[in-house]
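Here are a few friendly notes to read alongside the structure.

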Amino acid sequence: MCAKWENLIEDQNKVKRKPAHGRRMDPINPAPYLPQAKWSPGLGDQGWPAMFCQVLKESQKCTRRKSLLKVRAMDFITSTAILPLLFGCVGIFSLFRLLQWMRMKTYLRNVVVVITGATSGLGKECAKVFYSAGSKLVLCGRNGEALEELIRELTTSRATKVQTHKPCTVTFDLTDPGAVVAAAAEILQCFGYVDILINNAGISYRGTIIDTTVDVDKRVMETNYFGPVALTKALLPSMIERRRGHVVAISSIQGKISIPFRSAYAASKHATQAFFDCLRAEMEQYEIEVTVISPGYIHTNLSLNATTADGSRYGATDKTTAQGRNPVEVAQDVLAAVGKKEKDVILADLLPSLAIYLRTLAPGLFFSLMASRARKERKSKNS
């Protein structure tokens, strides 16, 4: 474009004005009769097209110069600031995780850990991971033979590099208040004290509220709530005296939200959550830690051994339970949560975790979803 304008101006300069011969000079307009000088246009005489071309060229040069400076600046920042900063952050985070891991290992080594419900499911897997961490175990359950079998399995295992200790066993029923008090005394006799109490024992439930007897509700509450509370209260004085201890409650995601046909179980876990939240606040002055762990569905025999509305055994594995997490992985998460002294831990998939927030932020929507779930389950049972 600029070249065309320059050529046009040059052609105009070459045009010579021819005087009108044979006529007199016009005094008003003598320009055609005067001699014409050759004209070489300057920057100011070229008019706006030439000026526009010149400005455009300068602007393009400025743009290229700025782009080059920007690229050089980014190269400088990347080479001298960003990368070292990034590597530094990664190094600090790795060091923090390493220190946290070392602290966890030290915290769990040679400490006395009491685990209830240790004969099967999550309790059995917790016994394995805490034994491998070097803890001194006191394994509790209703079946003495199953506890002895677990001890043989642990002591013959060679999968650990730390010093291990032969576990002790205490057999009792959590639903018997008198047996709980006697069991607490026996537990203290094993090693003289208790560092960590893991209240894991529990029973599940399946049934409709209208068909469930109050005796079934009481049985679930005795196992899941009153039993752990009684054992915790029996062992707390020794912890307070030493100003050292850690109480862990294995609750459930249903201790935070309730789903249909699980009324007794959800009620017992809600009570568990509330009690141990209060305990955490009250025990802070004695430097005693309290952790509540809320897993989602775990692939165990929990639903198989669940009680029904009339008190009979459910005897079936739910689809959600069959698709649940591996208890070995959950036990590792429990070990990490206890080692880090976490206060409240949710070990569930994305949807159950989102449901907790939905219950708080949009309760109307949550209630509609639960009602829809109840209709679907009722329809599937009737079909």
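1. A definition to start with: buried means under 20% relative accessible area, exposed means over 50%, and partly exposed is in between (1.4 Å probe, protein chains only). By that scale R243 counts as partly exposed, because its relative accessibility is 41%. This is a predicted model, in which local features need pLDDT of at least 70 and side-chain atom pairs count only at pLDDT 80 or more, while totals for chains, interfaces and linings use all residues. Residues are numbered from 1 along each chain as its sequence is written, and side-chain values use heavy atoms, with hydrogens and water left out.

2. Stay with R243 for a moment: you will find R243 in the loop between helix 6 and strand 5. Helices (H or I, at least four residues) and strands (E, at least two) are DSSP runs, numbered from the N terminus. Leaving aside residues up to four places away in sequence, R243 touches Q285, Y286 and E287, where contact means heavy atoms within 4.5 Å. R243 and Q285 are 42 residues apart along the chain, and their C-alpha atoms are separated by 9.0 Å.

3. Now for helix 5 (residues 177-191) and helix 6 (residues 214-242), which pack at an angle of about 40° with axes 9 Å apart. Axes here are lines fitted to C-alpha atoms, for helices over the stretch in contact, and angles run from 0 to 180 degrees between N-to-C directions. Angles under 35 degrees count as roughly parallel, over 145 as roughly antiparallel, 65 to 115 as roughly perpendicular and the rest as oblique, so helix 5 and helix 6 are oblique to each other. Helix 5 contributes V180, A184, I187 and L188 to the contact, and helix 6 contributes G227, A230, L231, A234, L235 and S238. By class, this contact of helix 5 with helix 6 has 8 nonpolar, 2 polar and no charged residues. For these classes, Ala, Val, Leu, Ile, Met, Phe, Trp, Tyr, Cys and Pro are nonpolar, Asp, Glu, Lys and Arg are charged, and the others, Gly among them, are polar.

4. Which residues bring helix 3 and helix 9 together? From helix 3 come L122, E125, C126, V129 and F130, and they meet P327, V328, V330, A331, Q332, V334, L335 and V338 in helix 9. The residues of this contact of helix 3 with helix 9 divide into 11 nonpolar, 1 polar and 1 charged. Helix 3 (residues 121-132) and helix 9 (residues 327-339) pack at about 55°, with axes 8 Å apart, and are therefore oblique too.

5. Side chains of opposite charge can pair when their charged atoms come close. The structure holds 14 salt bridges, each a side-chain nitrogen of Lys or Arg within 4 Å of a carboxyl oxygen of Asp or Glu. One of them pairs K256 with D344, the closest N and O atoms being 3.2 Å apart. K256 is in the loop between strand 5 (245-250) and helix 7 (263-283) and D344 is in strand 7 (residues 344-347), so this pair links distant parts of the chain, 88 residues apart. K256 is partly exposed at 23%, and D344 is partly exposed at 34%.

6. Is the pair of D318 and R262 buried or exposed? D318 is buried, with a relative accessible area of 11%, and R262 is buried at 6%. Their side chains meet in a salt bridge (3.8 Å, N to O).
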